[in-house]
Amino acid sequence: MARRDLGRWAIVTGASSGIGAALARALGAAGCACVLVARRRDALEAVAASLPPARSLVWPADVSVHESGSELAAALVERGIEPDLLVLNAGFGIYGPLAEADPARLGALVDTNCRSPLLWARTFLPGMLQRGRGGIVLVASTGGLVPMPYYASYGASKAFVVSLGRALAAEAAGSGVGVLTLCPGPAHTGFFAVADAPGPLGSPQAAVQTPEQVAAETLTAWRAGRSLHICGATNRLAMSAGRLLPPTWLDRAARRVLQPKRRG
Ligand SMILES: NC(=O)c1ccc[n+]([C@@H]2O[C@H](COP(=O)([O-])OP(=O)(O)OC[C@H]3O[C@@H](n4cnc5c(N)ncnc54)[C@H](OP(=O)(O)O)[C@@H]3O)[C@@H](O)[C@H]2O)c1
């Protein structure tokens, strides 16, 4: 695997909190200027304030909006900024039985977790391929590698991201452009509150990472030229073990672990 640089400018979606904010800080510390994208301007500005001065651009946007990627691309052309690294991290989950999920929220999940990485990659890849450098980090999840009962829409959306990322890595091979699909396991972020979930289920506390640990592993995996990286040794072991088990057994075990407990 060829080693890769981070480049001068990175775009990070979902940079207002959690893994995206930690990634932006790690990229900033490594000398990258960052374009910070998410809906909450105040939170983005707080992240920007923690980066080296004059090394960031705050870009409030809803990535689920069809034109969001191309609008940013046009604004960067105007400013003479050529993005080297595109980190597609914005996303959210929905916890609970699919039969009880709000259809509008399911649509928003598909638009945010699936349609947006697809369209943003389509927007920024041609320039990278033309320049013969840079690349994309797609933040998927270990939930995209295994069955996710009670997180059905989320698991399916992250399986989409894994498939997209692996295919793009193969398409870009030999072009000088890299594609890394990142599969974090559970991490201490706002994810569970947004998903209306009680927290990481079935994971020993030691396996739950901080966003900073995920970000550090991401930069290491990127620099090492990896195309797929599962974060955390415990998660890597669990995913390897899961591949040895019969699918029906794995599905039943996942159901037991993820099944909602009665509240109240
Ligand atoms: N935490 C975990 O256990 C875990 C595990 C595996 C994978 N992941 C993945 O990691 C990524 C980051 O999540 P996180 O854990 O850091 O959770 P988080 O703290 O809730 O962060 C989610 C980020 O996505 C942004 N976002 C959500 N919808 C958006 C939209 N429509 N447009 C623009 N930005 C949007 C949010 O910003 P605004 O609200 O300001 O828009 C926020 O910055 C997600 O893709 C998630 O699926 C998380």
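Predicted model: local features only at pLDDT ≥ 70, side-chain atom pairs only at ≥ 80, totals over all residues.
**Before you start**

Local features here need pLDDT of at least 70, side-chain atom pairs count only at pLDDT 80 or more, and totals for chains, interfaces and linings use all residues. Numbering runs from 1 along each chain as its sequence is written, and side-chain values use heavy atoms, with hydrogens and water left out.

**Stop 1: the whole chain**

Show the protein chain as a cartoon. Its secondary structure comes to nine helices and seven strands. Helices (H or I, at least four residues) and strands (E, at least two) are DSSP runs, numbered from the N terminus. The C-alpha atoms fill a box of roughly 55 × 40 × 30 Å along the principal axes.

The radius of gyration of the chain is 18 Å, which agrees with the value near 18 Å for a compact globule of 264 residues. That radius is taken over C-alpha atoms, and the globule rule is 2.2 Å times the number of residues to the power 0.38.

The chain exposes about 12,700 Å², and carbon and sulfur atoms supply 56% of it. Areas come from the Shrake-Rupley method with a 1.4 Å probe; for residues, only the protein chains shown count as cover.

Among contacts (heavy atoms within 4.5 Å) with a separation of 6 or more, 69% join residues 24 or more positions apart.

**Stop 2: the ligand**

- Tyr154: an N or O atom of its side chain is 2.6 Å from a ligand oxygen.
- Lys158: an N or O atom of its side chain is 2.9 Å from a ligand oxygen.
- Gly190: a polar backbone atom is 3.3 Å from a ligand oxygen.

How much of the ligand does the protein bury? Taken alone the ligand exposes 880 Å², and 95% of that is buried by the protein.

**Stop 3: two positive phi values**

Most residues other than glycine have a negative phi. Select Tyr150, in the loop between β5 (135-139) and α5. Its phi is near 75°. Tyr150 counts as buried because its relative accessibility is 16%. Then go to Asp196, in the loop between α6 and α7. Its phi is near 60°.

**Stop 4: Thr218**

Thr218 sits in helix α7 (residues 211-223). Is it buried or exposed? Thr218 is buried, because its relative accessibility is 3%. Its side chain reaches the backbone oxygen of Val214 at 2.6 Å. Not counting residues up to four places away in sequence, Thr218 touches Leu23, Val137, Leu180 and Leu182.

**Stop 5: Gly176**

Finish at Gly176, in the loop between α5 and β6 (178-183). Beyond neighbours within four places in sequence, Gly176 contacts Gly132, Arg133 and Gly134. Draw a distance to Gln130: the two C-alpha atoms are 9.7 Å apart, across 46 residues of chain.

Definitions and conventions
Polar contact = N/O pair within 3.5 Å; in protein donor to acceptor, adjacent residues only side chain to side chain. Buried < 20%, exposed > 50% of the residue type's maximum accessible area, 1.4 Å probe, protein only.
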